[in-house]
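Colleague: I'm new to this one. Can you walk me through it?
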Amino acid sequence: MAQLLKVQNFNVSRDGIAAGEDQTFERPFGHVDPARLFAWGGATASWPTRTDPGGSRGLDDYFTRDFAHNIGAEIMGRNKFGPQRGPWADHQWQGWWGDRPPFHTPVFVMTHHVRPSFTLSDTTFHFVDGDPVDVLEQAREAAQGKDVRLGGGVTTIRQFLDADLVDTLHVAVSPVDLGSGLRLWDSPDELLDRFHLDVVPSPSGVTHHLFWRK
């Protein structure tokens, strides 16, 4: 079977915004409070950083539980890895996730300023300067037959959509309006020329948008 390029559990507001502007080390999502977008996931029993028992089951929990299924590599933009711009001023920065990143696969960070790869736990970060086609080819080889996850952020997902490389998307639309920030879409209908769409509401208030290629 073909290896899929998948967007999974990507969160946006009702007005299509996934992150704010003015990102810093202290505020990975800029002026946007990520808790307003991710509350549905954090409430589930399978949320990976849950430290207490309990949590919800059902549809939301299925998506958090399915996040790593058959994923062999991840692609992300540089701004998802960290807030630095231009040449790397600090190679000590190794991402937002501490010593045990949640990916458990090779991760390909797209950047015009490459730096040496490094490994934390069972995740190796590679820094690659290439277009979406080239980076996807590298990620597929590293995934060894499994699917590749496109982790974001918005600019990176739009690049791969514009290159017509994305096979499936799961976008969770949270019941909040943010007004300004980095916008995935003005309307999900923008993708209907290339994708089928199922819209599934959840009792949590989030609405799951499931796209697959026509």
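Colleague: Which elements each supply at least two residues of the lining of the second largest pocket?

Modeller: Those are β1, α2 (59–65), β8 and β11. Helices (H or I, at least four residues) and strands (E, at least two) are DSSP runs, numbered from the N terminus. A pocket is an open set of points on a 1 Å grid over the protein atoms alone, where a 1.4 Å probe fits, with protein on both sides within 12 Å along at least five of seven lines; lining residues have an atom within 4 Å of a point. This is a predicted model: local features need pLDDT of at least 70, side-chain atom pairs count only at pLDDT 80 or more, and totals for chains, interfaces and linings use all residues. Residues are numbered from 1 along each chain as its sequence is written, and side-chain values use heavy atoms, with hydrogens and water left out.

Colleague: Which element gives the largest share of that lining?

Modeller: β1, with 4 residues.

Colleague: What volume does the second largest pocket have?

Modeller: About 190 Å³. Of its 14 lining residues, Lys 6, Phe 63, Asp 66, His 170 and Leu 210 are the closest to the centre.

Colleague: Back to β8. Why is it described as largely enclosed?

Modeller: Because 6 of the 6 residues of β8 (residues 168–173) are buried, the rest of the structure largely encloses this strand. Buried means under 20% relative accessible area (1.4 Å probe, protein chains only).

Colleague: Which way do the β8 side chains point?

Modeller: Thr 168, His 170 and Ala 172 point one way. Leu 169, Val 171 and Val 173 point the other way.

Colleague: And which strands does β8 pair with?

Modeller: β8 pairs with β1 (residues 5–12) in the parallel sense, over 5 bridges. Val 7 has Leu 169 as its bridge partner there. β8 and β11 (residues 207–213) run antiparallel, joined by 6 bridges. In that pairing Val 171 stands opposite His 209. Two strands pair if DSSP finds at least two bridges between them.

Colleague: New topic: Glu 74. Where is it?

Modeller: Glu 74 sits in strand β3 (residues 71–77).

Colleague: Buried or exposed?

Modeller: Glu 74 has 0% relative accessibility, so it counts as buried.

Colleague: What does its side chain make polar contacts with?

Modeller: The side chain of Glu 74 makes one with the side chain of Lys 80 (3.1 Å) and one with the side chain of Arg 149 (2.6 Å). A polar contact is a pair of N or O atoms within 3.5 Å; within protein, one must be able to donate a hydrogen and the other to accept it, and residues adjacent in sequence count only if both atoms are side-chain atoms.

Technical notes
Buried means under 20% relative accessible area, exposed over 50%, partly exposed in between (1.4 Å probe, protein chains only). Grid points are joined across faces, edges and corners, and a volume is the space filled by probe spheres set on the points.
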